[in-house]
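Take a look at the model below.

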Amino acid sequence: MAYDQDLSFVYLGTTKVVFGVGSSSQEVEAEMHALGCSRAVVVTDQGIIRAGLLDKITASLGAKCVGVYSDIPQDTGIDVIDKAAAFARDKGADILISVGGGSVIDTAKCMCILLTEGGSLTDHEGIQLLTRPQMPHIVISTTSGTGSEVTCVAVVLDKSKGQKILIVESFNAPRVSILDPALTAKLPPLLTASTGMDAFCHAVEAMTSIHHEPIADALALQAIRLLTKYLPRCIEHGSDLTVRGQVQLAATMAGWAFGNAMVGLVHAMAHSIGAVIHVPHGVANGILLPYCMEYNLPDAADYYADIAQAMNAGEKGFSEEQAAQAAVEAVFAFTKKIGHPQKLSEFGVKEEHIIKAAELSMSDGSILNNVRFVPDSAEVLEIYRKAL
Amino acid sequence: MSSYKGLTQEWLDAWKQKIAESKEYKEIAKDWEGSVSIIVNAAPDKNLPETAYLFTDYWHGDVRDFVLCDEARALSARFIMSGEYVRWKQVATKELDATKALMQGKLKLKGDLTYVVRNVKTINKVIDLLTEVNTIWPDEA
């Protein structure tokens, strides 16, 4: 892929990554110490506690863990964050350690803002408002998909608007991301597939964002290669930590890609249907991705041709258009191969929900980055209908 | 064509007139309600010794106040956009896309982002019309 002579971009990758089996309990205390912190509040959810994933981590922190906050739902919200921040403030935390998936990580990111700047999250509505680094935050991911462990973006449900809002703050990327494949070993196949498709979607959308750039492209393509090869194996052999590690790395690479290039139409639609009827984010992304690729095809053929190559799709001698079409078909086939849900109706979505979600999609920040300009909600609704 | 010194009241008046005369703007902006302040941080080396505060107000396709103001009035706007002089000049001359500037932290926006996204065509049109104002920027004076 060639870049224009007037290419101009900013790449931000400030999060230190620590990777390795066992790293979550072996490295967290040292990383906390290196940041000059001594009072950690661990942010997690009930599922992580029930799965026993927290025990070794809190044990390794010892007295430096001054509290655990675990009242975090599947989709975090402003009220959740305000409460969690009050808890951490009462405990005198000087660092947050999030242990979980996207909702947990994004809760902790927003807590960092409140613990540094004060007020409620509603006082910080906007984009790139911060002018200084926020409270240190170490992420320990328990899924492989969100990418939030290395981005400055958080997604939060605003109940007053009935919509998920984006918090984009360069000063709020986590300081350290600890990737321990062992923590993902017990993820069931469906969750492995949907979180993996979340990562896949990040990579595809980053490559086709109007803000895409060479570093993000490289990370996205490698993420697609790794996911194509290892996600199916990961679903079949979940306890294979080598395979789990490949998928975890792919998710983080895709996170770096979209953290810089941003995401597009798929995410606008997934956020919106998630806000209307709580379809899990990864599932919504996985279902909607190939349909949105079809929609974007006229404006994304060159990018999709590269994706086809990364997926080993298509045949030698294909034109760019043929290769691009092959990429779309390959993504449809890939979601079937990994046993990913195919239709939104499997999650109770009905016509009335997609009408509302189509309207909401038009005010989701992600839609501005889409490679193809989306003029109105009627076009979004048409895509939802195909995926229904 | 007349030229106007950038970030002055006469320049704001010329910009306001361009917007008021645009039928396309009137149609695109028919749903927009509310004020936008523009804060241009001082840049003494660019001949902008003091921070400039601009208050612009739009209402369903009409244009209301377009004035230089003090900090307090700027901070009272529904949306507050702020940034360095060089970034604003890049946006005003279409060298830098406003959305990209926000995403990359080159400009800051305080306010309801979902409302802005829903009305992004309005924002883009207002910027397009600014490029039609023949501007002598402070560092070019």
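## Strand pairing across the chains

Strand E5 of chain A pairs with strand E6 (residues 107–110) of chain B. The sense is antiparallel, over two bridges. Within this pairing, Ile127(A) stands opposite Leu109(B) in E6(B). The model is predicted.

## The contact between chains A and B

Chain A gives 20 residues to the contact, and chain B gives 17 residues. On the chain A side, two elements supply two or more residues: strand E5 (126–127) and E8. The largest share comes from E8(A), with four residues.

What classes of residue make up the side of chain A that touches chain B? There are ten nonpolar, seven polar and three charged residues.

## The largest nonpolar core

In soluble globular proteins, nonpolar side chains tend to be buried together. Here the largest nonpolar core has 179 residues. Which of them touch the most other members? They are Met111(A), Ala223(A), Ala257(A) and Ala327(A). Helix H10 (residues 281–310) of chain A provides the largest share of this core, 16 residues. The core also draws at least three residues from each of domain 1 and domain 2 of chain A.

Ala327(A) shows some of these contacts in detail. Leaving aside residues up to four places away in sequence, Ala327(A) touches Tyr304(A), Ile307(A), Ala308(A), Met311(A) and Ala313(A).

## A lysine in chain B

Lys100(B) sits in helix H5 (residues 98–103) of chain B. Is Lys100(B) buried, exposed or partly exposed? Lys100(B) is partly exposed, because 19 other C-beta atoms lie within 10 Å. A buried residue would need 20 or more, and an exposed one 12 or fewer.

Lys100(B) is 41 residues from Trp59(B) in sequence. In space, the two are 26 Å apart, C-alpha to C-alpha.

Definitions and conventions. Residues numbered from 1 in each chain as written. Chains lettered and ligands numbered in written order. Predicted model: local features only at pLDDT ≥ 70, side-chain atom pairs only at ≥ 80, totals over all residues. Contact = placed C-beta atoms within 7 Å. Nonpolar A, V, L, I, M, F, W, Y, C, P; charged D, E, K, R; others polar. Pairing = 2+ DSSP bridges. Core = buried A, V, L, I, M, F, W, Y, C linked by C-beta atoms within 7 Å. Domains from an automatic or database assignment.
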